[in-house]
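Student: I'd like to learn how to read charged side chains and helix packing in a model. Can we go through it together?

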Amino acid sequence: MSEESKIYDVCIVGAGFSGLVLAIKLSRAGLMVCLVELNRIVGRKILSTGNGRCNFTNSRQGSKYYYSNHNLDFLQDKNNELREFLRVIGVIERDLDGYFYPITNQAKTVRDSLENEIYNLNIPLFLDNRVTDIKKKDMFCVTTNRTEIIAKNVAVCSGGLSAASLGSSKIGYKIARKFQMNVTALAPALVGAKSNDIALKNLAGVRVLGKVSYRDVCCEGEIQFTKDGISGYPVMCISRYIGLDELSKKLSNLSLDFVPYMSDDELSFELQARFTRNPKQNIIAALTGITNEKVVEEVVSYARIYADTTVDRLDEEDKNNLIHYFKNFPFSINGTKGFDSSQVTAGGVDLENIDLDTMESKCCNGLYFAGEVLDVDGICGGYNLTWAYYSADVLAQGIIKRFT
């Protein structure tokens with residue numbers, strides 16, 4: 001019997017992290033499954049995670065690390081389960097302050113280990129097959145550009161719109177809509193922001209610790225200025241909000257705190273002590289060490305103080321301006337750098353349409369969803385792969401119970 005003529009228990013659309021995990025768990029339980037993947041290799045996007053090092057999970061877990069239009073209190077901590085799952089297939093972990101990586105420091109190790117297990121379990125792979133449609137009568141018929149596959153159940157693990165060069169696809173959203181499911185607004189997440197702010201003339205190339213605020217969200221970490229924008233951990237963690245506001249044409253400026261380790265009052269005390277100690281020192285020299293020197297120069301410029309001004313000539317307004325711009329530096333943005341540069345998609349298949357105990361569609365029996373295609377996205381730090389594992393594991397348990 002050819003692979004195409006078989007009737008599978010589950011056809012999994014997408015062989016990314018969630019699809020591979022799901023296939024392995026279902027196959028180990030004795031179910032006949034297949035994977036349909038538009039790329040010529042499985043897990044292609046895994047290779048780019050963690051800047052090629054694959055930070056696959058984090059010891060810090062909880063709904064506060066994830067975003068969705070739906071309440072996320074249902075999330076459980078599967079960090080240890082994920083680590084054990086990967087360890088069994090050969091991924092030895094390295095713990096860097098709660099951030100877990102493969103000991104090889106290579107994302108390829110994770111991808112290859114998952115692929116090896118797929119081959120060990122003899123799971124049929126339909127590679128270089130782009131799904132074009134899914135229909136359901138008594139069973140599901142999954143149509144690709146090359147073949148048709150019949151299955152009792154379909155699990156959509158097709159990912160989102162991010163990283164088009166790695167094979168992103170809209171098919172998951174199209175399938176959801178076809179079966180009367182809602183898809184929330186989609187925006188790039190974990191991505192840098194574009195800007196033509198005048199400050200980039202001096203700050204391009206600078207990396208500095210700070211806190212980035214956008215509307216009522218903020219994040220702290222290393223800020224990176226480029227010739228055409230701003231990035232780094234704190235920007236990426238809040239970029240989903242920038243992306244969603246860009247869609248609705250409601251963009252706001254960023255506010256940058258270059259001295260997050262001090263309150264306004266503490267910074268005021270620090271400046272007064274420095275100015276009192278060396279009253280004839282010029283302002284730039286007096287501020288050495290508070291933050292990056294180019295940032296100091298920019299703050300002084302924004303405070304409308306000449307760089308050669310000695311500190312004994314500063315008045316209270318000058319000092320207040322310095323504190324203000326160190327703690328609330330305005331930075332204009334034009335939006336995100338787009339889906340192609342993003343690591344994950346914000347928004348997706350609405351969780352209101354999903355049975356969160358099984359990941360099955362409430363609108364179509366036998367149709368399941370897992371991973372990035374759903375309306376859940378995490379901050380930087382291994383959270384999106386953890387969600388991919390979590391949703392795949394819940395889905396696997398749901399289907400296995402149906403067959404037992």
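Student: Is Arg28 buried, exposed or partly exposed?

Tutor: Keep in mind that this is a predicted model. The idea is to look at the relative accessible area: under 20% is buried, over 50% is exposed, and partly exposed is in between. Arg28 comes out at 41%, so Arg28 is partly exposed.

Student: Which side chain does Arg28 meet in a salt bridge?

Tutor: General idea first: side chains of opposite charge can pair when their charged atoms come close. Here Arg28 meets Glu117, at 3.2 Å from N to O. The two are 89 residues apart, with Glu117 in helix H3 and Arg28 in helix H1, and the pair links distant parts of the chain.

Student: And Glu117, buried or exposed?

Tutor: Glu117 has a relative accessible area of 15%, so Glu117 is buried.

Student: How do the helices H1 and H3 pack?

Tutor: For two helices, look at the angle and at how far apart the axes are. H1 covers residues 17-28 and H3 covers residues 107-120; their angle is about 30°, and their axes are 10 Å apart. The crossing is left-handed.

Student: Which residues meet there?

Tutor: From H1 you have Phe17, Leu20, Ala23, Ile24 and Arg28, and they meet Val110, Leu114, Glu117 and Ile118 from H3. Sort the residues of this contact by type and you get seven nonpolar, two charged and no polar.

Student: What does Glu93 form with Arg83?

Tutor: A salt bridge, with the closest N and O atoms 2.9 Å apart. To read a pair like this, check which elements hold the partners. Glu93 sits in strand S5 (residues 93-96) and Arg83 in helix H2 (residues 79-88), so this pair ties together parts that are 10 residues apart in sequence. Glu93 is partly exposed at 28% relative accessibility, and Arg83 is partly exposed at 21%.

Student: Where do Glu270 and Arg274 lie?

Tutor: Both are in helix H7 (residues 264-277), four residues apart, which is about one turn of the helix.

Student: Which residues do salt bridges that share partners join into one network?

Tutor: Lys25, Lys78, Glu81 and Asp393.

Student: How many salt bridges does the count come to?

Tutor: The count comes to 23 salt bridges.

Technical notes. Residues numbered from 1 in each chain as written. Predicted model: local features only at pLDDT ≥ 70, side-chain atom pairs only at ≥ 80, totals over all residues. Heavy atoms only, no water. Axes fitted to C-alpha atoms, helices over the stretch in contact; angles between N-to-C directions. Left-handed = near helix turned anticlockwise from the far one by under 90°. Contact = heavy atoms within 4.5 Å. Nonpolar A, V, L, I, M, F, W, Y, C, P; charged D, E, K, R; others polar. Salt bridge = Lys/Arg side-chain N within 4 Å of Asp/Glu carboxyl O. Buried < 20%, exposed > 50% of the residue type's maximum accessible area, 1.4 Å probe, protein only.
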